[in-house]
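Visitor: I would like to learn how to read strand order and charged contacts in a model such as this one. Could you take me through them one at a time?

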Amino acid sequence: MGTYADLVFVGGRVVTVDAEFSVAEALAVTGAVIGAVGTREDVAPLIGPGTRVVDLEGATLLPGINDSHLHGCAYGMASPPLSVEVGHPAVSSLADVAEAVREAVGRVPAGQWVTGHGWDAGFLAECVADPSRQPSRADLDAVSPDHPVVLYSFSGHATWVNSKALELMGVDRDTVAPPGGAIVTDAEGEPTGLLHEGAQALVQNALPPLGVRERTEAIRSTLASLAALGITSYTEPGLGPGGDGIMRGALGTQTLEVYRRLLADGELTARVGVLLLPTGMTSTAEEFARNLDALDLPEERDPRRLTVLGVKVFADGIVPNKTAWMHEPYVGGGCGSLCVGGEVDDDRVAEIRAMVRHAHAAGHQLGVHATGDRAIDTVADAFAGAAAEHPREDARHYVIHGDFLTPHAMKVLAAHDFGVNMNPTIKWTVADMEEEFVGAGRAAYAWPYRDALDAGVRVASGSDAPVTHPDWRQGVATMVLRESKAAGRVSGPEQRILLAEAIRTYTIDAAWQDFAEDWKGSLEPGKAADLCVLGGDLLGADPHAIPEMPVLLTVMDGRVVHDALPAS
């Protein structure tokens, strides 16, 4: 008799996500790999005296979930107890935010910075009642006159601070915002306390940097949260010198070293792929090339557990800040712009093309943040141009976010086997709010999953945590339903996709983005034993019920990292 299995699952629906999306009833795990998939009879000979047999009792066994765009360290830093929760539904008004800050101030020593994450003007009652009413330093000064306060928006593209923080930052009415950023001012020209895009570096420069202990605690917190959600892989999109000034360096070079230490100590309970960030949100092609060439990349000791996949570039901003670069104007005017160096659009397009060309020629995979339709077209054309100039096998470049992916961009990406990384939980969060910026038609179209898949584009899904909670169940429901968080309205029903297609974006197609579809992302013999058990029959469930289906068990590399199965 051969080797017995360590784990055997029977009595459920084994959703293999193989090429036929076949469904089995049993699966066996031996060591770190899947040993058998099929019927109860197929796995019975593998059950020995030391085998743990799990009767699924009708539950669903899936490949481990791969969140293909998740800021791991930043998510941990943005979560309690390391941060004040000021996102919906924890708060629903500016008054609620002030009260949360008041409580936090009472818990820390005099003068210590108070940080919080998640605010969204679209869910703050005063701002909803009057769209011209935005968060300001005055909302925070009364509860924190002496403690500097910095509150990061849910999107990561805006920061809200109080007067004490402005004082310590040295920001006043005469301060000039960094290129690509904005210091919001009132009618008298005084800073309101809102900083957009590149101007956020002003507060980051004033904050004490994260230490190794804080980074380690943040990532440990994230790993525990992800294990409880069935997530066994994620892409950490942007670690390097360009992230040293973002979120107190949570995206900086030192964070990669913390990941390496956690791996060495056996604490890395998810597979992590990294995109390097040579420069920040605004830079020139010359600076980008210089920083990229200077990066020293030692060979990772276990590349299936931790690896550098490629390079990240920022092309534009986001729609709620009107900094995404659009073909047609926003409601109220303006089209945004690319966020790289250059005085005019043609110069900035040339800069993006130069960045893409340099990284491509150096052999890197590129993930480029582009949300506006004009920015996305520019990036797709830059990918194609670089590929024509420097032919390479299997580059797998992709657009990050791709909110307003155009038919032109889809055609270009599909023709070159490039991809797009979309964000269904962001769609769910902002669907209603976006109408005031781009109108009902464009807001409904945002994140065009159906069109992208029909065009033959490789599509992976990610949460962009801490922008949204990394709950893939809500992401799946949103792709199938296209319903919004705030009002529950359908937003772009023609962009709905099938449940099987949605699951693929979080499993095998996310593995493709990682160059790993041959060894993870589906439940087939010989592949990595990364598994997620979801309570109930996922394939037969009402899509509205999917977000509430419990994650009962998570296995990564054959090791149980989360176990909420009822005691037998």
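Visitor: What is the order of the strands in the open sheet of 6 strands, and what kind of pairing does the sheet have?

Guide: This is a predicted model, in which local features need pLDDT of at least 70 and side-chain atom pairs count only at pLDDT 80 or more, while totals for chains, interfaces and linings use all residues. Residues are numbered from 1 along each chain as its sequence is written, and side-chain values use heavy atoms, with hydrogens and water left out. Helices (H or I, at least four residues) and strands (E, at least two) are DSSP runs numbered from the N terminus, and two strands pair if DSSP finds at least two bridges between them. Here the order in the open sheet is 7-8-9-10-12-11, and the pairing is mixed. Strand 7 (84-85) and strand 11 (181-185) each have a single partner strand, so one side of each edge strand is left without a neighbour in the sheet.

Visitor: How many bridges join strand 9 to strand 10?

Guide: Strand 9 (residues 149-153) and strand 10 (residues 158-161) run antiparallel and are joined by 3 bridges; within strand 10, Thr159 is the residue that stands opposite Tyr152.

Visitor: How many salt bridges does a search of the whole structure find?

Guide: A salt bridge is a side-chain nitrogen of Lys or Arg within 4 Å of a carboxyl oxygen of Asp or Glu, and the search finds 26 of them. One of these joins Arg220 to Glu267, with a distance of 2.8 Å from N to O. Arg220 belongs to helix 8 (residues 212-228), whereas Glu267 is in the loop between helix 9 (253-264) and strand 14 (271-276), so the pair ties together parts that are 47 residues apart in sequence.

Visitor: Which residues are linked in a network of salt bridges?

Guide: The network links Arg271, Arg305, Asp530 and Asp557.
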